[in-house]
Amino acid sequence: MDHDLAVAWLRATAAAVEQRHQELTELDAAIGDGDHGTNLRRGFAAVTGLLDELDPAAPPGSVLTRAGTTLISKVGGASGPLYGSALRAAGTALPAPTADMMDLAQALRAGLTALQKLGGAAVGDKTMVDAFEPAVAALERAAFDGFTLREASALAAEAAEAGARATIPLEARKGRASYLGRRSIDHQDPGATSTALLFAALAEVSSP
Ligand code: ADP
Ligand code: MG
Ligand code: MG
């Protein structure tokens, strides 16, 4: 990953959020407070504005770190600090002008660790972690097996999507949805769904 790919990833994520914000908000209306799409739309619109002003010589990590800071400051909901901390930690782990597959997998693992430290959620708690963890694990396996970013990110996107779908039968144990107890069952988690968009965007920009 280099500067241009980091920028392209965030732009593709912003475009996906713009396109799917209603669906994210509807999922959040069912088990939360109905603002997840609105929250991310506001946050990624601000990120897009930031990308237009970045120094083209900035390493990919600083692109992610600054986007993370923007999400923390612009998104009122839980998802802003969670995604923001993940991007900031991932960005901090990518100081060089270019990162290989293993660097990227390790950086996103650091991002997930920061997200989990802040939110206290584990896999199975029906949160964004349920999509993020399998995606990072897929990237790590693919990096270990010597796959290209294009192949690895396609596997990560599939794993995130499967992880998001697997939240449907779960009872939420973190975040607002946990207030519903068993009534959170049979709904897909909005944050896991937006995490699937994030990894789908990476796959999209990594394809030739
Ligand atoms: P809020 O719940 O503050 O309105 P959002 O609606 O933007 O924030 O985001 C809700 C999503 O955030 C949930 O669907 C879930 O995936 C994620 N989330 C909430 N709390 C946590 C947590 N403690 N750890 C991980 N993810 C969480
Ligand atoms: Mg909400
Ligand atoms: Mg809210």
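The following legends describe close-up views of a predicted model.

Figure 1. The unreviewed UniProt entry lists "domain: DhaL" at residues 4-204.

**Figure 2. The shell around ligand 1.** Ligand 1 is surrounded by 23 residues, of which G77, G119, T127, G175 and G191 are the closest. By class, the shell comprises 10 polar, 7 nonpolar and 6 charged residues. At least two shell residues come from each of α2 (36-51), α4 (79-92) and α8 (190-206). The largest share, 3 residues, is supplied by α8.

**Figure 3. The largest nonpolar core.** This core contains 64 residues, and the members that touch the most others are A135, L139, A156 and F199. Two or more core residues are given by each of α1 (3-31), α2, α3 (60-74), α4, α5 (101-119), α6 (129-144), α7 (149-165) and α8. The largest share of the core, 10 residues, belongs to α8. In soluble globular proteins, nonpolar side chains tend to be buried together.

**Figure 4. Contacts of A135.** When neighbours within four places in sequence are left aside, A135 is in contact with A156, A159, A160 and F199. Two of these partners, A156 and F199, are listed with A135 among the core members that touch the most others. A156, A159 and A160 are buried residues of α7.

**Figure 5. Helix α5 and its packing.** The 19 residues of α5 should span 27 Å at 1.5 Å a residue, and the end C-alpha atoms are 27 Å apart, which agrees. The buried residues of α5 are M101, L104, A105, A107, L108, G111, L112, A114, L115, Q116 and G119. These buried residues pack against α4, α6 and α7. G119 is also one of the residues closest to ligand 1. Just after the helix, G120 adopts a positive phi of about 70°.

**Figure 6. Helix α7 and its packing.** From first to last C-alpha, the 17 residues of α7 reach 24 Å, close to the 24 Å expected at 1.5 Å a residue. The helix is mostly covered, with 12 of its 17 residues buried. The buried set includes L149, A152, S153, A154, L155 and A157, together with E161, G163 and A164. The buried residues of α7 pack against α5, α6 and α8.

Note on methods:
Residues numbered from 1 in each chain as written. Chains lettered and ligands numbered in written order. Predicted model: local features only at pLDDT ≥ 70, side-chain atom pairs only at ≥ 80, totals over all residues. UniProt positions renumbered as here; feature names shortened; annotations may be inferred. Near = placed C-beta within 6 Å. Helix = DSSP H or I, 4+ residues; strand = E, 2+ residues; numbered from the N terminus. Nonpolar A, V, L, I, M, F, W, Y, C, P; charged D, E, K, R; others polar. Core = buried A, V, L, I, M, F, W, Y, C linked by C-beta atoms within 7 Å. Buried ≥ 20, exposed ≤ 12 C-beta atoms within 10 Å, placed from the backbone. Contact = placed C-beta atoms within 7 Å. Expected span 1.5 Å × (residues − 1).
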